[in-house]
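Thanks for making the time, everyone.

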Amino acid sequence: MKDNLEHIFKSLENKFDTEEPRIGHFDRFEAKLHQIETKKPKVRYQLASFVAVAASVVLIFGIWLGATFSNKGMELATVSTEMKDTQNYFVTTIEKELTLIEKERNNDTEQLIDDALVQLKKLEQQYHLLTLELKESTEDKRIIYAMISNYQQRITILQSLLIQIEDVKQLKTQDNENYV
């Protein structure tokens, strides 16, 4: 390999360009570069930037539109008037139960209420998934039954929480009666 390199250098010995460029070479080269830059039309850059901004606006609008309409499922109330009445009944009942529970919130019931609210949150997430499924197939009665069952489970949790709160209140009064 060493011999091969020596052979290459010997064959190219007097063929290298060793002359220095004329004075002002770099200045001329730089002037040519500036001429090329000034010849480029600025309209092209303005058009490209306009297209980029327009594409960004369209993309943002598309993302917003997709997020707005794709995450929303079909509520039970949109199926029929009977289902609307059913949903209104369940929502009203749940709101009343939650109002009663919030009135009973204190140091003794805080943990019970928080645990129940976590369970309700999970059921609400399941309900949201059911609304998305109902949006895809409005004729599937199983989804409607599952949504009604979800509401019933929420009411059951709230009613059982109210019973537990009453038990805590009774235990507290019993403890106070023993010490009086």
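**Salt bridges, rings and surface**

Let me start with Arg142, which forms a salt bridge with Asp140, where the closest N and O atoms are 3.2 Å apart. Arg142 itself counts as exposed, because its relative accessible area is 63%. Please keep in mind throughout that this is a predicted model, and that the values I quote are computed from it.

Stepping back, the protein has 6 helices and 0 strands, so that from the N terminus on the elements read α-α-α-α-α-α. Of its 180 residues, 18% count as buried, and the protein exposes about 14900 Å², of which carbon and sulfur atoms supply 59%. If we take the contacts with a separation of 6 or more, residues 24 or more positions apart account for 72% of them.

Now back to the charges. How many salt bridges does the count come to? The count comes to 6, and one of them joins Glu102 to Arg105, with the closest N and O atoms 3.0 Å apart. Glu102 is partly exposed, because its relative accessibility is 40%, and Arg105, at 26%, is likewise placed in the partly exposed class. These two residues also belong to a network of salt bridges that links Glu102, Arg105, Glu110 and Asp114.

Another salt bridge is the one in which the side chains of Glu104 and Lys169 meet, at 3.3 Å from N to O. This pair links distant parts of the chain, since Glu104 sits in the loop between α4 and α5 while Lys169 sits in helix α6, residues 141–179, and the two are 65 residues apart. Both partners are partly exposed, Glu104 with a relative accessible area of 23% and Lys169 with a relative accessibility of 35%.

The loop that holds Glu104 also contains Thr109, and it runs between α4 (81–103) and α5 (110–136). Is Thr109 buried or exposed? Thr109 counts as buried, because its relative accessibility is 1%, where the cut-off for that class is under 20%. Leaving aside residues up to four places away in sequence, Thr109 touches Glu104, Ile165 and Val168.

Let me turn to the aromatic residues, where the count comes to 3 aromatic pairs. The rings of Phe90 and Tyr151 have their centres 5.3 Å apart and their planes at 10°, so this pair is stacked, the criterion being planes under 30 degrees apart. Because Phe90 lies in helix α4 and Tyr151 in helix α6, the pair ties together parts that are 61 residues apart in sequence. Phe90 is buried at 8% relative accessibility, and Tyr151 is buried at 3%.

Ring pairs extend this picture into a cluster of Tyr89, Phe90, Tyr127 and Tyr151. Tyr127 has a charged neighbour as well, in that Arg154 lies over the face of its ring, at 5.2 Å from the ring centre.

Finally, the surface at the other end of the numbering. Which residues make the nonpolar surface patch of about 360 Å²? The patch is made by Leu5, Ile8, Phe9 and Leu12. Of these, Ile8 has its place in helix α1, which covers residues 2–11, and Ile8 counts as partly exposed because its relative accessibility is 37%.

That is where I will stop, and I am happy to go back to any of these residues on the screen.

Terms used
Residues numbered from 1 in each chain as written. Predicted model: local features only at pLDDT ≥ 70, side-chain atom pairs only at ≥ 80, totals over all residues. Heavy atoms only, no water. Helix = DSSP H or I, 4+ residues; strand = E, 2+ residues; numbered from the N terminus. Buried < 20%, exposed > 50% of the residue type's maximum accessible area, 1.4 Å probe, protein only. Contact = heavy atoms within 4.5 Å. Areas by Shrake-Rupley, 256 points an atom, 1.4 Å probe, with all protein chains shown as cover. Patch = residues over 30% accessible without salt bridge, like charges linked within 9 Å, V, L, I, M, F, W, Y side chains within 5 Å. Salt bridge = Lys/Arg side-chain N within 4 Å of Asp/Glu carboxyl O. Phe/Tyr/Trp six-rings, centres within 6.5 Å; stacked < 30°, edge-to-face > 60°. Lys NZ or Arg CZ within 6 Å of the ring centre and 35° of its normal.
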